Amino acid sequence: MGMLAPLYALAALAVVGPIVFHLIRRQPQGQQKFSSLMFLRPSPPKLTRRSRLDHWLLLALRMIALALIAFAFARPYFRERSLLDIDLSGRNVVLLLDTSASMRRPDVWQKAQEAIQQVIDSLANNDHLSLYAIDDSLRPIVAVEDSYRMEAQTAQQAVRTAAADLEPSWQSTELAAGLTGLADTLNAATVSGPLSPGMTSEIVLVTDLHTNSGIEPLQGYPWPENVQLDVRRIQPETPGNARPSWMPQADDADDDRIRIRIENNQQSEQQTFQLAWANADGIEEGGATRVQVPAGQVRVVPMAGNSRGSDRIRLIGDAWEADNDVIMVRTEPLRQTILYVGRSEAEAEDDPAYFLTKAPINSSDVERQIVFLEENDLPTALEDSQVAAVIIEPGFGLAQHAQRLRQFVASGGTVMVNLARPLATEALQEETTAFL
């Protein structure tokens, strides 16, 4: 045991005071005056050998109180062997840099780089540093294992150089996936090395904490006790962001106008915007639509189609213009051919091909055409790349073209054998069974 202020222990000598005061007898309280003694001076009681101690319990309490006060001011402490075994290898610090598209906003990336340099400058010479990047997935730049293969100062310099070379991507932000993945990586490094068991690691997250950062899954994640999180939030000079997106039209809608959904960020200071058709060179003249979208709300604006060849709808007046264009590309529907090889019945209700022509097999993206063939024309027709499926009846070249049909299926096509009619002969049954 030791003492931080051992001189205060000398105050324990004050326990002599209560002993002295207990030995001094006080003058009796009750007095009777006599005429023969009225001219004598009173004398105080003196300490003599005949004096004895009274009230032992009170004396002991007073002495203990003085000793405890002196002992407390001396600030004693106990030396433990575990304190002598402290790991002096330095801290384990992991930088997690947000490189998603929202970090492209004006001055945000520059501030993020400055924050990283400040973190590196604040480290001690024996602190190990590693670097990871997060957008829609976690990417190791200088991994924890690589950091511990170097000297601590070398690892810090490697992180400084690698961070300066990073650029933000155009991907979304999934901070929860990055944080949980990094925490699991640190736990694995504690189990299998290079981190020692019980060592506390620190994650420094540099991000703008955009609204759609994907942090909700963290609510159900049991965060490790040996991992600390330090969030360095980067705020843009002009907060907020509005984002337009295209809303598909309902199939039964009579209105052919284009619907644009505008979502305004909760921190946005701008509420008035304009929508206009534009192209790669600039905004189309005239026709801008004014729209009011309060912060944290959504508005749907119908837009008339353009007739001047513009290929995008642009949102004007936003603080960050990187995501303000909605590209409107008109695509031609995919054309596919369905081959039918079989016989036709005089009565429509007995003819499977008749019902096939009445089936709703087309969509807004795919136009399908049914072609009726003779069995001898099937190999030539299969050479067409637009052929997506073949419907064939037994007895109409199923066995003759079986090898070619199998090749067609292997290349991604579809072959359906129409068994709507009874197989009249055993030969047809064997032919169908062999093909299937």
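**View 1. Salt bridges across the predicted model.** A search of the whole structure finds 16 salt bridges. A salt bridge here is a side-chain nitrogen of Lys or Arg within 4 Å of a carboxyl oxygen of Asp or Glu. This is a predicted model: local features need pLDDT of at least 70, side-chain atom pairs count only at pLDDT 80 or more, and totals for chains, interfaces and linings use all residues. Residues are numbered from 1 along each chain as its sequence is written, and side-chain values use heavy atoms, with hydrogens and water left out.

**View 2. R91 and E202 form a salt bridge.** Their closest N and O atoms are 3.1 Å apart. The pair links distant parts of the chain, 111 residues apart. R91 sits in the loop between β2 (76-77) and β3, and E202 in strand β6. Strands (E, at least two residues) and helices (H or I, at least four) are DSSP runs, numbered from the N terminus. E202 is buried, at 18% relative accessible area. R91 is partly exposed, at 38%. Buried means under 20% relative accessible area, exposed over 50%, and partly exposed in between (1.4 Å probe, protein chains only).

**View 3. E263 meets R243 in a salt bridge.** The N to O distance is 3.2 Å. E263 lies in strand β9 (residues 258-264) and R243 in strand β8 (residues 242-247), so the pair ties together parts 20 residues apart in sequence. E263 counts as partly exposed, at 24% relative accessibility. R243 is also partly exposed, at 36%.

**View 4. D311, R312, R314 and D325 are linked in a salt-bridge network.** Within this view, the side chains of R312 and D325 meet at 3.7 Å, N to O. R312 is in strand β14 (residues 312-316) and D325 in strand β15 (residues 325-327), 13 residues apart. R312 counts as buried, at 16% relative accessibility. D325 is partly exposed, at 29%.

**View 5. Helix α3 spans residues 108-121.** Its 14 residues reach 20 Å from first C-alpha to last, close to the 20 Å expected at 1.5 Å a residue. That expected span is 1.5 Å times one less than the number of residues. The buried residues of α3 include V108, W109, A112 and I116. The buried residues pack against β3 (92-98), β4 (128-134), α5 (152-165), β6 (201-207) and β7 (227-233). Contact means heavy atoms within 4.5 Å. The face turned away from the buried side carries the exposed residues Q110, Q118 and D121.
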